[in-house]
Amino acid sequence: MSNIMYNQMWRQTQEALNSLLDKESQKRAEPPRSEVFIFQMLATFYIKYVQIFRNLEDAYDQMVHPQKRTLIRKVLDGVMGRILELKNEMVELELGEFHYFDNILQDLKLTPQQLDIPIPKYFLKEKVEVIKEREKILAQILVDSGVGRPEVEKSPARTMPLEEAVKAIQTAERARQGRLRALFMKHIFLQEFKAVQSRILGERVADVGAAALRIQKVWRGFRQCKRTKLEREEEMVFLGMHPPQLLDEVSDAMIQAQKVTCLRSAVQSKHENNYRQALVTIKDELKLTEGPDIKENLQDQIRRWFIECRNLTGNFPEYPEAEEGGSAVIFSNKTPQQVIEDIIANQEEEEKNKKKNKTQEKKAKKKELKKGKKEKDKEEEEAWKMSPSVFLPAIEEGNSVYKDFWKNKDESWNFAQDYDPELIKEEKRKELESEIRVQVDELMRQELKNLKLAVNREKELPAKGKKKKGGKNKKKGKKGRKGRKEKDRDLTADRTIESLYKELVEEGLLVQARKVSLSDYIGSAEVHEKAPLVRSLLLAGPSGVGKKMLVHAICNETGANLFNLSADNIAGKYPGKSGLQMMLHLVLKVARQLQPSVVWIGDTEKTFYRKVPSTERMIEPKRLKKHLPKILKLLKPNDRILIVGTTRRPFDAELQALCRVYQKIILVPRPDYASRYVLWRQVIQRFGGVITNTLNISCLAKISDGFTQGHVVQAVRSVLTDRRVRRQPRKPLVAVEFVAALSSQSPVYQEEEDSFKNWYAKTPLGKKRTLALQGGNADKAKDKGKKGKKGKKERKKK
């Protein structure tokens, strides 16, 4: 039943993707309108792609058919890339990192939670064994080297003298006897008190009816108060003001769903292994049964091409080299008759082109002068255009494969959703044909050479002379590359990755990331989406907003290694220029071999100090300043390495050098009212607190304006001690308890927050935004600045 459900989800998602691709192609063809319309269009596409991404990720995680999962994975990667492209388009259009989709979400009838981008589960599932093994090795290295957390040493058992032992036993026994004596005296006092009370009551005449009435009155009042309280709570739950009581409890259905998920993952791995084995066995079977026939057909096809070319042109054709693709270049998707027609058409075109070339050269000169003027005018009048997408072709290809093969495919025979052998045969026939074609090309290339020697021996002589020239050029090229090889040489070629890994751990440069997930970061959701997007990222904000927590969360969610290159951490390690070069070489080599990796530079303003304070000159904080831009250039597009910097005082750094290294700068603000409300609620519950009607969370959210997430966590931790958590049933939590703990901390004042905003306004993206808000254009401002500089230089010369 679950397979049918997820197949239906995949079908609906593919239909939505198909309609979205059609709409996007239509919008690209339409003339551009205002910036508001363009942003709404991009935001709508972004939201719909996010919905498609969420559905495809669920389908890929839950389906068990290996070939379907391969296609879904291809489309899923393309959709992820398209989301990033649209995000970049919106950033360039609005000149800001944060966007608001409230109106569009309302029109599409979606909630903000449906806009969250989940971390794909296959990020960790596909390499869970590697991550576990790496964590074991890292923990063992930390224990052996003593770099990890120091363990509490147990005090050795000491022998007590006989006199001290007797004295301790006597003290304990006397205390026990004292407690028993006090308990005995208490019983005597209570008996005497009861006797006195019974004498007083015995003198009075007991009214049984009045006593019963009084008892009934108290009991009925208590029962009615309890019933009224329950009815009020049910009403609040019905209105949606309070969550239901069993909201946090795990139901039986959830437990059963977890069991089914584990079973499904086992079936997925089993089907995947069967599919991998079938790829080998089916190919071997095809090689034995169909291989000889394929080889004969290819040879006959190529021989016919030889003869037809000889008859039509009078010469044998030139056989394509292996680097060009061999005979596949000629016969790709073409019959032999079509190849012959192409040869005739090429000869006719060559004759026509010779006549046209002369007339075109004269016209080209006249057009160049006109084009130069038109291009200048067009550059000024050019409106906004969406940049071409790299991922749309992959999405369209996957969509077409789905429509052509899977959409109307009858799978009634495949109830277990195992691999389809016919589809494997079609794929392996193409692979087998390409492998056999390489062998056939070698044979037919020699056969063509023999034919040319037999028919026309004189035409082979000039070809031999050309090879000598190529050989000389190759030698010259080799000489020019010696300098590069010396620069790019591996400084640790004789060492294993394990030894380099161990050295970095012992030096404290490769550290263990904390077990933190992005869902634990309570606050603005946009930060989650931007963190892993670019090669270098700067998180700036006041202390306590969660910058370091985000770094650890990125590593934990993606299974990445964490390298700590903070100025304080590398102080005194690998001294000198050669030592610094070796350190960076070790970090980059291990980071590439064990991808993905995160290089973290904490307090990165120290690396880019304008003026180094006298107290920090000994640690040489600016060691990496010149080398960080070089590291960015060394990172290739396929390297999954992210450089993340965190700073709480960015205004102390040199802005140009800082912006040269960090491509993306995100200002992490202090939480707003809504974030503080959720923060207080979740942090209190995380530390064992119980939310009741006596605890006013709204009041705490209002009075904590100006405080960061770290301040709230510290206040909750100081209040919710073990003793206070145990006393909650008798004494519920009250907001006043947290106020005292919060007031002892220093908040983020408005002046500090304004300094962060003013600093961000000086960054490249901040400058563009201020110019756009003032009605100017960033590009025009740059041009004016360049013209002004040129004018000053000319005046000086005069």
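Start with the largest cavity, which holds about 70 Å³ of space. It's one of 3 cavities of 30 Å³ or more that turn up in a search of the whole structure. A cavity here is a set of points on a 1 Å grid over the protein atoms alone where a 1.4 Å probe fits but cannot get out, and lining residues have an atom within 4 Å of a point. Points are joined across faces, edges and corners, and the volume is the space filled by probe spheres set on them.

A word on the model: it's predicted, so local features need pLDDT of at least 70 and side-chain atom pairs count only at pLDDT 80 or more, while totals for chains, interfaces and linings use all residues. Numbering runs from 1 along each chain as its sequence is written, and side-chain values use heavy atoms, with hydrogens and water left out.

Now select L565, L584, V587, L588, V599, I601, L628, I631, L635, I641 and I643, the lining of that largest cavity. Helix α20, β4, α21 (627-634) and β5 each give two or more residues to the lining; helices (H or I, at least four residues) and strands (E, at least two) are DSSP runs, numbered from the N terminus. The largest share, 3 residues, comes from α20. By type, the lining splits into 11 nonpolar, no polar and no charged residues, with Ala, Val, Leu, Ile, Met, Phe, Trp, Tyr, Cys and Pro counted as nonpolar, Asp, Glu, Lys and Arg as charged, and the others, Gly among them, as polar.

Next, show the strands. An open, mixed sheet of 6 runs in the order β1-β3-β4-β5-β2-β6, where two strands pair if DSSP finds at least two bridges between them. β1 (510-511) and β6 (664-667) are the edges: each has a single partner strand, so one side of each has no neighbour in the sheet.

Zoom in on β4 (residues 597-602) and β5 (residues 641-647), which pair in the parallel sense over 6 bridges. V598 sits opposite L642 in β5.

What does α20 do at the end of P596's loop? First, P596 itself: it lies in the loop between α20 and β4, and the Q595 to P596 peptide bond is cis, with omega near -5°. Helix α20 (residues 576-593) packs on the sheet, touching β1, β3 (561-564), β4 and β5.

Finally, colour by pLDDT, the predictor's confidence in each residue from 0 to 100. The mean is 79, and 80% of residues reach 70 or more.

Technical notes: Contact means heavy atoms within 4.5 Å. Axes are lines fitted to C-alpha atoms, for helices over the stretch in contact, and angles run from 0 to 180 degrees between N-to-C directions. On a 1 Å grid over the protein atoms alone, a cavity is a set of points where a 1.4 Å probe fits but cannot get out, and a pocket is an open set with protein on both sides within 12 Å along at least five of seven lines; lining residues have an atom within 4 Å of a point.
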